[in-house]
Amino acid sequence: MAATGPCFSVAGFCPALVRSCLTPSSSSSGKMKSNPVPNLTRRFAVSTEQVPIKTEATTTSFPDNERLKMERLENETQEKKIPLLWELAEAEKKHRKSMKDYFEESKDLIRSDGGPPRWFSPLECGSRLDKSPLLLYLPGIDGVGLGLIKQHYSLGKIFDIWCLHIPVKDRTSFTELVKLVERTVRSENCRSPNRLTYLVGESLGACLAIAVAARNPDIDLVLILANPGTSFKKSQLEPLMPLLALLPDQLQLGLPHILSLMTGDPLKMMMDNVTKGVPLQLTVEELSQDVAAMSSYLSVMGDILPRETLLWKLHLLKSASAFANSRLHAVKAQTLILSSGKDQLLPSQEEGQRLQHLLPNCENRLFSDCGHFLLLEDEVDLATIIMGTNFYRRGAYHDYVSDYVPPSPYEFKKIYESVRLIRLATSPVMLSTFEDGKIVRGLAGVPSEGPVLYVGYHMLLGFELAPMVSQFFFERNILLRGIAHPSMFRRLKEGRLPPMSQYDIFRIMGAVPVSGTLFYKLLSSKAHVLLYPGGVREACHRKGEAYKLFWPEHSEFVRMAARFGAKIVPFGVVGEDDFFEVFFDYDDQMKVPFLRDYIIDIAKESKSVRTEENGEVGNQDMHLPGVLPKFPGRFYYYFGKPIETQGRKELKDREKAHELYLEVKSEVEKCLSFLKEKRESDPYRYLLSRLSYQAMHGITSEVPTFEL
């Protein structure tokens, strides 16, 4: 697993950008003229097709705001004893908008609605990275353009966001909508040929994105399609259209159902809060407030989708589906499908699988518990999804170093909580060593400034990664950029290995495929790099091979580390033998014909590593050892004394570099021996004793271990 140097992305206040509203000119030329914004509280800048005009904001610079906020929070958290990272996560959470904001801002947009479809740019999306790609959001059947409202804060940091607004009474045909989006894409591509454009669409908007991509194969586009409307023919919507046409205007039978799909299942949300540990009283209060707000939301839905508009949008979706399906063969763009498992409007799960097989450069991610309005779900963070699938790039190709954006505190907190049960079961003990040789509990001894290279033993199936990487970020704000097997980054044939989505969390935390070029880039960027010389051979070891190193005979990393003056931190981790026992290993599987063929096929399909090595070290075949669970023990990590390479010119010599390589290997073996010996004196080595301790001192209390 992996990470970026000692610094991490800090969530903060986006400086407000004051923009001018653009309205169509009455002249026949169709040019735009700028009118002053009548209401300074408006949250959007609007145009028909051109980029909103911005004026300079007279605010403190973004880095200054971050620095001041960091200092303030550090002082506050010292008194409250709340981790600074969680304070930052809560501060970021407050800036993320809710369903209430969706309906309130929808009222603003449709209050003076009229005119043609047009683009607007949310003001909260004002702080971006250099050379940020353009993101065009194409709405679903609501047409408001606020479907990304819960994503504005996070997406606005890495994209220039424009949202398409289709007025309630607008009756623009689908082909004309395609031409409108196409004109924008082409004009922006002409203005900035090297700037990438993302088309993010849901249902109807996804069909728009497909049509534009099919008509413009020469433009570099990335498509992100949430529950695409290409499955309209297979849905229950088409048979309902004649019935809807016969109903009087007073009977808005479909709106309560659509509203429930947008706001979610109250019982499910309540159970989710209880599972997260939110007090029941607070959960009930929030639920009561949500129910009370439903009546006001329903009236807004009635304004957004009156019967005539709803009927028109369904007809529009029908034609959009037919149009997009007829042009799927022409789509060459990189595509990410986001499918909901509980979409009650469209059969999105099956459609995602169909499109993945039809489109040549396509990934599919399933969200089993989400409904039709996927991007309005609380648990869905589109920026994190894009990072986890390696779909974020600012050039023709994804660069694992320059295009990587670390998770914000809010995003990391969700990741940290997702591995809570693993941490509870393993109760990891982490020891580190200062440069003077002093050993301490915790990670205080690891170097703060990069570049740093962590070299160690790879536990069975890599079970040590989640606790270690998350603790480094939580305790030291250090991201470990892991050098990983290429199979984690290439989709193999269906049924081969776990689905790609299972590796998303590693990519979010900065893992990169094994490559000398990427290793060079990481060290040159002063990153903290995690390297396992034993690779797959160590992580998928045979019976009786626990804690045995399978390193290459010749040095792989010393001279590169010395080139950049990187500190080398040897480390060991033990505990796998207290959790699992291998009973069906590689040798056993190769004796079974169909398993042998399966392993060989995976080896041929995935990119091989260490093909130049002979013997066991060169055997990096991917397979899944059969293991038997044991009564849980504990994980122990020991990070040894950092080895300095800065200024050591003798390491340019291969023999001297090899001597240091052998020294590092010896230090890793000493770390393993130290931990295996010391854990014998740990009174809390096994789960029952730890649970007993936490029952007395609190479930979040740190469980003691052996004396140092």
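Reply:
Salt bridges

K521 and D399 join their side chains in a salt bridge, 2.9 Å from N to O (a salt bridge is a side-chain nitrogen of Lys or Arg within 4 Å of a carboxyl oxygen of Asp or Glu). K521 sits in helix α18 (residues 516–524) and D399 in the loop between α13 (382–388) and α14 (409–418), so the pair ties together parts 122 residues apart in sequence. Helices here are DSSP runs of H or I with at least four residues, and strands are runs of E with at least two, numbered from the N terminus. With a relative accessibility of 30%, K521 counts as partly exposed, while D399 is buried at 18%; buried means under 20% relative accessible area, exposed over 50%, and partly exposed in between, with a 1.4 Å probe and protein chains only.

The model is predicted: local features need pLDDT of at least 70, side-chain atom pairs count only at pLDDT 80 or more, and totals for chains, interfaces and linings use all residues. Residues are numbered from 1 along each chain as its sequence is written, and side-chain values use heavy atoms, leaving out hydrogens and water.

A second salt bridge joins R685 and D578 at 2.8 Å, N to O. This pair also links distant parts of the chain, 107 residues apart: R685 is in the loop between α23 (654–678) and α24 (687–697), and D578 in the loop between β17 (567–574) and β18 (580–584). R685 and D578 are both buried. They belong to a network of salt bridges that also includes D577, R679 and E680.

E105 and K97 form another salt bridge, at 2.6 Å from N to O, and both residues are buried. In total, the structure holds 35 salt bridges.
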